[in-house]
Each structure stands twice: as C-alpha cells, then as structure tokens.
Amino acid sequence: MPLVRIVFAGTPEAALPSLEHLLDSARTADGRDRHEVVGVLTRPDARVGRGRKLRPSPVKARALEHGLPVIESDRPWEDEPLASLRELAPDVGAIVAYGALLPTSVLELPTHGWVNLHFSLLPAWRGAAPAQRALMAGDDLTGATTFVLTEGMDTGPVLGTLTEAIRPTDTAGDLLERLSEAGAPLLTDSLHGLVSGALAPVPQPADGVSRAPKLTVDEVRLDFTQPAFAVVRRVAGASPAPGAWTTFRGDRLKVLQAAQVAGAPSSTGAGTAGPDDPSTPHLPPGRLLLHDGQVLVGTATHPVRLQRVQPPGKQAMEAEAWARGARFDDQEALGG
C-alpha cells in the first residue's frame, strides 16, 4: 500500500498517546515506510493559571518537539486554516479530543475522511465528556470507539472498539489516561484499515444512545442531601477538571477525591456495616467530622470520606492536612 499521509487533530493530554503512536509506528519492523504524519491541527493557545499566561495545547507542544507543521485554529473551516490543511494533502485525518465540530468543508478534505477516537462504547455517551458521564452514572464498563467522523455528534459508522472496566477508585483523569493509552493503537489500525479497505464501517445501532455534554461548574456542585454513592460518583466524574466543589465558611472548596466509608452500605445496599453499626458515625448532610484520622462528611445515607481537597488560592492537598489547618468544630458543615 502506498505511504499514507495523515493529518492529526487534537488538543489535550488525552490526545498525546495517539499522536505518539502514529509517529512511532510510521515504519514497519522491517524498515518500510507505513505512513507519515504531515501536520497537526489544534486549538489556539489558551490563558491558564492565576497569571492568565498563554499556554500552548499539549498537542501543539508535542508536535513542535517533533518538528511537525502546526495549524492553530478553533475555526478550521475559515479560509486560512482550511488552505493550510489543503496544502498538507492528507489521505486521511485522525482526530482525538480536538474540541470543535468539523463541517463538511473540512470533513471532505482528506481523501478518506476522518477517523475519530472516542472514549466510550458508542452509541453510549456521545459528546465531549464520555468518561466523566460514565463515572457519574455509575457504569461498570466503558471503552473506546473509532468511527468515521460525520457532521452529527459522534454518530458516524464504527470501525473498531475496545472495552475497559471502571475501577472503584477511578477518577475521570484515571479512566481517560487508560483509555487514551489503550485507544492509540486502535486508532492507528483503524486508519490503515479504512484506507486499505480492510475495514468496513458499521452503522451505530439506534438503541442505547446517551449524551455526554461538557460538565458545567454549576452541575458539579456537591449536594450532600443525596446518597453517599451519588456524592462519590460526582466527585470522581469531575476530577481533575472542573473539580466538584462545595462551600466552607463562605469560600469555595474543591473536592478532588472522595470515597465511601469502609464497611458502610454500598450503592446497592451491600456492606458489613449498617446504619446502626457504631463504626459508622451518624452525621446530618454536610456535617463535618474528623474521625479516626479521616475527614468525614454526612450525606443522605452514610458519611463520605474526603481524601483530597483544594482550598481557594492553594494547591490540592490531603483532606486530613486541610482539616488540621481549618480546625473545624463538630457543628460545622459543608455547603451551607
């Protein structure tokens, strides 16, 4: 098969394993050229941190390290970026978490279209936050899907899938890291399968569709009148960004990691400790308690243990360290 010219579109850390895999697999084991990454499309530098300094996307930074041409745009259909993409003359496009929808003018530019690596088992969790939504929903299993990109929201025909179990301690960051690493070779194989004709895209089923819009700051505010499992799921799905949050003494407190108390009832009602077990303290929703070295907060069911938090203007820290500094009394609560 002739050398395949690939343009890569992506922005965050989760896209880096796919870019690296494409670069590392450009030649076969016997030294034959397999494909070439001819350029990268990524979103423009963004202002971050307290100083609001411009910072390049992780994909841009990595592409420049490899000496790849970089097109920076969140509107790739405009004349200048579209002309730059056309000059690259790609046979196929690879896209991973680029962050903007591509219209027909861009979709039709590569000879064989675009292949998207998406971090769910489509048609479940179509949208910008699939791993986050799967965690918040309490899913036990997720995965990654490669599909031919169309103008719909993650609606294109499927080329390949892989599955990944969701672990009890997973945050969205943990899950995305595993899926991005596992999905990288799947994307490379799907690109070659599409171009060679070895893979035939299969339409997605009409049933089982769920949506995964980007998380908003308002919806990841913690509500301690919910059951413990719901609080823990929200924390996990929102970590590391945007970060679940509550208020303490009038200031916002991010909660980056939390867990159900060992021995307390699980989300299914299982567990060795019931509501009358003396090892499981009774706390009203939101009430704080430092108990046996653990920072507990009450919910509608049993307490949740706070593990990592981030007070305003400070770095993330262990919840126990925060509690020692805050010196809260046994009547103080979160979310008031």
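Among contacts in the chain between residues at least 6 apart in sequence, what percentage join residues at least 24 apart? The figure is 62%, with contact taken as heavy atoms within 4.5 Å. The structure is a predicted model, in which local features need pLDDT of at least 70 and side-chain atom pairs count only at pLDDT 80 or more, while totals for chains, interfaces and linings use all residues. Residues are numbered from 1 along each chain as its sequence is written, and side-chain values use heavy atoms, with hydrogens and water left out.

On to the overall picture. The chain has 336 residues, and 47% of them are buried (under 20% relative accessible area; over 50% is exposed and in between is partly exposed, with a 1.4 Å probe and protein chains only). Its C-alpha trace spans about 70 × 45 × 35 Å along the principal axes.

Seven strands form an open sheet in the order β5-β2-β1-β6-β7-β8-β9, and the pairing is mixed; two strands pair if DSSP finds at least two bridges between them. Strands of a sheet pair through backbone hydrogen bonds, either parallel or antiparallel. The edges are taken by β5 (70-72) and β9 (158-165), and each has a single partner strand, so one side of each is left without a neighbour in the sheet. From one strand to the next, the twist averages 20°.

Strands β1 (residues 4-10) and β2 (residues 35-42) run parallel and are joined by six bridges, with I6 standing opposite V37 in β2. Helix α1 (residues 16-24) packs on this sheet and touches β1, β2, β6 (92-96) and β7 (114-118). The direction of α1 makes about 155° with that of β2; axes here are lines fitted to C-alpha atoms, for helices over the stretch in contact, and angles run from 0 to 180 degrees between N-to-C directions.

Strand β7 is well covered. Five of its five residues are buried, so β7 is largely enclosed by the rest of the structure. W114, N116 and H118 sit on one side and V115 and L117 on the other. On the β6 side, three bridges make a parallel pair with β7, and G93 stands opposite W114. Towards β8 (residues 141-148) the pairing is antiparallel, with four bridges, and H118 has T145 as its bridge partner.

The loop between β7 and α5 holds W125, which is buried at a relative accessible area of 15%. Its contacts, leaving aside neighbours within four places in sequence, include H118, P130, R133, A134 and R211. W125 and R211 are 86 residues apart along the chain, yet their C-alpha atoms are separated by 4.7 Å.

Finally, helices α5 (residues 130-137) and α7 (residues 228-238) pack at about 170°, with axes 7 Å apart. The two are therefore roughly antiparallel (over 145 degrees; under 35 is roughly parallel, 65 to 115 roughly perpendicular and the rest oblique). Q132, L135, M136 and A137 of α5 meet R233, R234, A236 and G237 of α7.
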